[in-house]
Amino acid sequence: MAQKRHLLTDIALKGLAIAPSQVYGAIRIVPLLRSQVRGDLRLFKRSYQQDLTMVDVGDANYLAYVPHGLVMSWSNNGEPVAAYGGQFQKRDGKTLPGNCGSVKLLHRMVKREQKNELRFLPLHLAMEGFLSLFFKGPSIAWQDYSRYAKSHGLGSRWEWSVSGRAIAGLEDAIRIFEIHEGQVGVLLFVAETLASAFVVPTPEDYRALHRSLLEDFYGELIYQYACIYDGPLSMTCSINPHSVKTLADLRQGVMQMRADWAEFQGFMSESLLGRRLNSQMVYATHSFYLQRFITDLDPHAQNYIGEAIVRENGELEYLKTYCLSASQTKRVYLLSQLSAHNWNLAATATALHNTKEELVKRLEKVGFGYLLNPQVREQALKR
Amino acid sequence: MLHSAASRLAQLAREDLVMFINACLACTGQHEFYDDAYGQRVSIDFLHDYILGNYRLLYARSLAAGINQFNQAQIILKLLATGRHTLPAHRQEEGALIAATLRKFPPQRAWKVLAQLRQQGINNRRSRAIARDYFAQRQDLSFDAVKYRRKVKTIAKHAHLNLTGEVGPFLFHNWKQRTYETKLFEAFRQAHYSADAVYALPFTIAEGLAQKHQIPRGVFLENIQSRMTSGEKLRLQGSAERSQISIDLELGHMPLTKLALYILSLPLQSRKARRAELEQALQKSARQVLYKAPLKLDRVAAVLDCSYSASGSYEKHMRPLGVALGAHALLQVAAQDYRAFWTIPVEDPLLVQARGQTDLATPLLDALDWGANLIVIVSDGCENDPPQGAAQVLQLCRETLDPQRRVSIIHCNPVFNSEDFSLRPLCPLIPTVGLREAEDLPTMLGFARFAEGNAPLAELEDYLAARVQQFLGSV
């Protein structure tokens, strides 16, 4: 019950301030600053060199290219955690060398390695949660579903996304970005669309993890936008000349400019900030709660999945998000609707203002045809 | 109507020239923080061709405007390649300017320019005469023939020169087969067989032969010291420290920017440990600059950019920050009352690091608050906290708070922006000038009135003509 209280319902960037953005080509990077850095939680990067990683997640396996994991160290009494290099490094998982590529075998997305140390795979944790949503398939043996769906659920699920290196201009944008003093995170926009939000506990961690933004994966839309657009929308902010009589007014004006930038960039990120979230607790310590979330699945808006660590008082210590592509949103939206109506096709179709055949076609289109009985599919095709 | 067209043309010419000279002050065709080397080269090359085609005389005269050596070399090559377009009346002046510039160059650069004549296939009567004259005025050609052997050989061949004495046989006939009367040639021959003879050669030549004789680095550096130039001594300080020997060098005699860059190359601990020594050297070097170009200032504030972008690139490592530190030292000595305002406040300027965001508005406001007569801003002009912050402050300052311009403000930009062929300005109401080396600051303060856009073309032409006289007279 206590844990439920700490589930994230929306991202309010509590404890963080937004600073003016830096722009390169179509990419806009907005720094997030933390005023009070406590140091009792640190995140360290652990690089993996393998071409493929297979993670044992209990009743299934998760396969992906995982360039790095994060190690979270914390102290329960509020004392600062030892800096990187002052700690023992551990090697986790097994490596299988191969002729055409090596494979890493890891146990669990989130694994406690020592008393106060937890290893997790950033973004993959959220992606695994996303893939396993409604994974069990229909709970009632409706006639409309195929034998495969009844016995295996969704079976083998896969999604694809784009590496940061493939996003035009991102490498240079990250190279020339000037990290603020006290900066702990960024909001990353491509063509003024929020691509990712990334927050870590301390400025030192951020400096070390800044370049890892390039190794992360991004949604299809972000990749396309980076290809299409070569510049941002022009945004300017100025001081009202009539309000300036003295130097103090000018100073006030500059302060106002900063505030305006912060407010406007907050407004730009509304597709994530202030959205209602469905969260799931992944790991809870004495005062930190690691959880993954998905935004309310509005098919007409940008949707995000992600993971976060929240402190007991609600401050955001860690955040990483991934922007779902339109087709990914559609898929999970349809599944969620089916699940909400107990996987009853007719009832779901009515709720979506579709005929049953239309719903079947929609399911075919997003790649879930294999869940349906062949007769149902044929009938829908004939109409 | 006619009058307005003429005045518009004059204004255009002035703008073009100011843009060109400004670009030539900063650009070296190398990788910058925001731009790559290719873009810089294409951009500056276009500017050169444009000015050469439209304002040939002024193009030649800009050799004397205090621009950097990379651009001086480009101008020489382009003038020599297109000699037939010179008007007869200007031919002599152009030739004199080229010869004088070559003579003022450090030898390695002059030889390189002449060698490039061959690479670019430039060969005409004038280019050959220029090469001949350069050979003739070298005091110790045998030294050059050893140190810059390949270049000297190339140029002599390309310009059909008759070399007197043993230089010809040394360069062109098999040098191994004879002994020489010239000491250096003989040392060069012997050094191929004896490790002891290596130490009579110039450092760069000896370095390769030392490798051949497998002389330990420490021993070699210890013994070759007397043959090093001061630049080499400065460059090899780190190498010497690793070999646990010391190379004696009077840091105060080094050029200001070079010294600043050396200081910035040191790790923070050694900067702290040698603080007094470095500080003194910096002041001494700054005083030397002022001795050559006197500058008396009253109450000066410097707004200095130490954001991450001041770290430059792998080719120009720390250059913008080095220029800022050099300017700081120079203004400190030149002004009666001086204060520095860094973008991220630093307690000790010698310990400055290139990091953090560019917030120019706050230090600028602090400088205005302090009540300076002159504010010098050294920055690459990319501000981001908030964007346009300093631009707004400068604009409102000029328009409403200080329309009489009681405070003069000048923006020195060490970085050329290849996209729009100019130095990124902060605000159109404030003059922006290029600054590659802090030593040029006194010249730039004089040049700033043209960048501001008030002075007419005639005045700029007079200024250039006067600089040419000064330039030719000082050789």
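Trainee: What handedness does the crossing of α16(B) past α19(B) have?
Mentor: In this predicted model, α16(B) passes α19(B) in a right-handed crossing.

Trainee: Which residues make that contact?
Mentor: From α16(B), the contact uses L256(B), T257(B), A260(B), L261(B), I263(B) and L264(B). From α19(B), the residues are L321(B), G322(B), V323(B), L325(B), G326(B), A329(B) and L330(B).

Trainee: And how many of them are nonpolar, polar or charged?
Mentor: The contact of α16(B) with α19(B) has 10 nonpolar residues, three polar and no charged.

Trainee: At what angle do the axes cross?
Mentor: Roughly 120 degrees, and the axes come within 8 Å. The helices span residues 256-265 for α16 and 319-334 for α19, both in chain B.

Trainee: Why oblique?
Mentor: The axes cross at roughly 120 degrees, and perpendicular covers 65 to 115 while antiparallel needs over 145, so α16(B) and α19(B) are oblique to each other.

Trainee: Switching to the chains. How many residues does the contact take from chain B and chain A?
Mentor: It takes 25 residues from chain B and 21 residues from chain A.

Trainee: Which element gives the largest share on the side of chain B?
Mentor: α21(B) does, with seven residues. The elements of chain B giving two or more residues to that side are α20 (361-370) and α21 (389-401).

Trainee: What is the side of chain B made of, by residue type?
Mentor: That side divides into 12 nonpolar, 10 polar and three charged residues.

Trainee: Last one: where does E93(B) lie?
Mentor: E93(B) is in helix α5 of chain B, residues 88-104. With 16 other C-beta atoms within 10 Å, E93(B) is partly exposed.

Notes: Residues numbered from 1 in each chain as written. Chains lettered and ligands numbered in written order. Predicted model: local features only at pLDDT ≥ 70, side-chain atom pairs only at ≥ 80, totals over all residues. Helix = DSSP H or I, 4+ residues; strand = E, 2+ residues; numbered from the N terminus. Buried ≥ 20, exposed ≤ 12 C-beta atoms within 10 Å, placed from the backbone. Axes fitted to C-alpha atoms, helices over the stretch in contact; angles between N-to-C directions. Parallel < 35°, antiparallel > 145°, perpendicular 65-115°, else oblique. Left-handed = near helix turned anticlockwise from the far one by under 90°. Contact = placed C-beta atoms within 7 Å. Nonpolar A, V, L, I, M, F, W, Y, C, P; charged D, E, K, R; others polar.
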